[in-house]
Amino acid sequence: MARVLNNLLLFTIRLTLKIRVLGYWSLIYGYCALCTAVALLKLWWSIILRPSATFQWGIRETPPACLNDTSLGTHCYVRIKESGLRFHYVAAGERGKPLMLFLHGFPEFWFSWRHQLREFKSEFRVVAIDMRGYGESDLPSSTESYRFDYLVTDVKDIVEYLGYNRCHLVGHDWGGTIAWLFAIHYPEMVTKLIVLNCPHPSVFSDYALRHPSQLLKSSYFFFFQLSRFPELMLSINDFKALKGLFTSRSTGIGRKGRWLTAEDMEAYLYAFSQPGALTGALNYYRNVFSSLPLSQNDVKSPVLLLWGERDAFLEQEMAEACRVYIRNHFRLNIISGASHWLQQDQPDIVNTLIWTFLKEGEGRKTYRN
């Protein structure tokens, strides 16, 4: 009798799990279909209003001068033997000084860290990389090539290639996700972790499933699962949607922020108008649902989390929730009036807060809350 009950219980657990998995993927694909329908309506409306301009966009052939600004550092390249990929990065500061490595988000590239490269090169070897699929780094065509474990290994390989076994790791948006994961899996390689507008991955997945408002704000995750169509929607009207992410009233840099100059905007258009550039960037999203939940969660490094109060994509409540996964000193700073594009929006405030965090605990061997 006991054996029958145990088998029944096991069957019930397995059935419940299968139902939950089915419900999870039904939600993903159902929402993807809804987002696709909305995007089709937008495309149809654009064709009606601007029939000749809708499908006009072009590759920018010449990089703007700001991408070759020598005050930002030197352009370098490395080919990693294990992956075979070539990575581009910009480095400044003396070799041998502590390494500060910057990981950008979507839709950005190394240039988003220009204010920080200038600021921290006096005391650090600062390196801003183009992550795989971005900028001048290689763009693997396979979606499978953008799995979390590959992205984390890229960071490890680059740190070691630069001649270091530890770094101060700074990440924003998708770069923040990879920074969290790197600190989880390679705690011995992270002196201090600094994340901008990106929650711990487990916080995001748990929160989004329990808060429809965040699920709505994350609707682009579902839309980006499609093949080719998202690239089209980001390109039409000469990359109008891409420009809008940085400049629109709802998602762009705040009123008190440091607006992108015309040349800054052209730098982004140059990077993302190149063949395959949008696909490489979007492939990060096309793997995310298969990579969560995480098997490991705890972060052992000291953590600074900076959060723009006016983030249009991520709800602020997730920032404080990250504390539960951090087994070390944790500092959270909410920046009033700042947008999602924090390091470009409020560079002076961001740099000051980072300096304060880096100087905290100097001379101490351990950190505690």
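A: A residue is called buried when its relative accessible area is under 20%, and exposed when that area is over 50%. The model shown here is predicted.

Q: Why is Phe313 called buried?
A: The relative accessible area of Phe313 is 12%. The limit for a buried residue is under 20%, and Phe313 is therefore buried.

Q: What makes the pair of Phe313 and Trp341 edge-to-face?
A: Two values are needed, since a pair of aromatic rings is described by the distance of the centres and the angle of the planes. Rings pair if their centres lie within 6.5 Å, and planes over 60 degrees apart count as edge-to-face. For Phe313 and Trp341 the centres are 6.1 Å apart and the planes are at 75 degrees, so the pair is edge-to-face. Phe313 lies in the loop between β7 (303-308) and α12 (317-321), while Trp341 lies in the loop between β8 (330-335) and α13 (342-345), so this pair ties together parts that are 28 residues apart in sequence. Trp341 is also buried, with a relative accessible area of 1%.

Q: Why is the aromatic pair of Phe120 and Trp355 called tilted?
A: The structure holds 29 aromatic pairs, and one of them is formed by Phe120 and Trp355, with 4.7 Å centre to centre and 40 degrees between the planes. Planes under 30 degrees apart count as stacked and those over 60 as edge-to-face, with the rest tilted. Phe120 belongs to helix α2 (residues 114-120) and Trp355 to helix α14 (residues 347-359), so the contact ties together parts that are 235 residues apart in sequence. Both residues, Phe120 and Trp355, are buried.

Q: How do you know that the charged end of Lys192 sits over the ring of Phe357?
A: The distance from the charged end of Lys192 to the centre of the Phe357 ring is 4.8 Å. The definition asks for a distance within 6 Å, together with a position within 35 degrees of the ring normal. Lys192 is described as sitting over the ring of Phe357. In a further case, Arg147 lies over the face of Tyr150, at 4.6 Å from the ring centre.

Q: Why is Arg228 called exposed?
A: Arg228 has a relative accessible area of 69%. Exposed means over 50%, and Arg228 is therefore exposed. Arg228 is placed in the loop between α7 and α8, and has a positive phi of about 70 degrees although it is not a glycine.

Q: Is Asn197 buried or exposed, and how do you know?
A: Asn197 has a relative accessible area of 0%. Since buried means under 20%, Asn197 is buried. Asn197 is found in the loop between β6 and α5, and its phi is positive, at about 45 degrees, although Asn197 is not a glycine.

Q: What makes strand β6 (residues 190-196) mostly covered?
A: Of the 7 residues in strand β6, 6 are buried. Strand β6 also pairs with strand β5 (residues 167-172) in the parallel sense, over 6 bridges. The definition of paired strands requires at least two bridges. Within this arrangement, Val170 stands opposite Ile194 in β6.

Q: What lines the largest cavity, and which class of residue does its lining contain?
A: Rolling a probe the size of a water molecule over the atoms shows where empty space is left. The search finds 2 cavities of 30 Å³ or more, and the largest cavity has a volume of about 220 Å³. The largest cavity is lined by 17 residues, and those closest to its centre are Trp174, Thr177, Cys198, Phe204 and Phe221. By class, its lining has 13 nonpolar, 3 polar and 1 charged residues.

Q: Which element gives the most to the lining of the largest pocket?
A: Helix α8 gives the most, with 9 residues. The largest pocket holds about 1,000 Å³ of space, and 34 residues line it, with Lys42, Phe223, Leu234, Ala241 and Leu245 nearest its centre. This lining divides into 21 nonpolar, 8 polar and 5 charged residues.

Definitions and conventions: Residues numbered from 1 in each chain as written. Predicted model: local features only at pLDDT ≥ 70, side-chain atom pairs only at ≥ 80, totals over all residues. Heavy atoms only, no water. Phe/Tyr/Trp six-rings, centres within 6.5 Å; stacked < 30°, edge-to-face > 60°. Helix = DSSP H or I, 4+ residues; strand = E, 2+ residues; numbered from the N terminus. Buried < 20%, exposed > 50% of the residue type's maximum accessible area, 1.4 Å probe, protein only. 1 Å grid on protein atoms, 1.4 Å probe; cavity = no way out; pocket = protein on both sides within 12 Å on 5 of 7 lines; lining within 4 Å. Points joined across faces, edges and corners; volume = space filled by probe spheres on them. Nonpolar A, V, L, I, M, F, W, Y, C, P; charged D, E, K, R; others polar.
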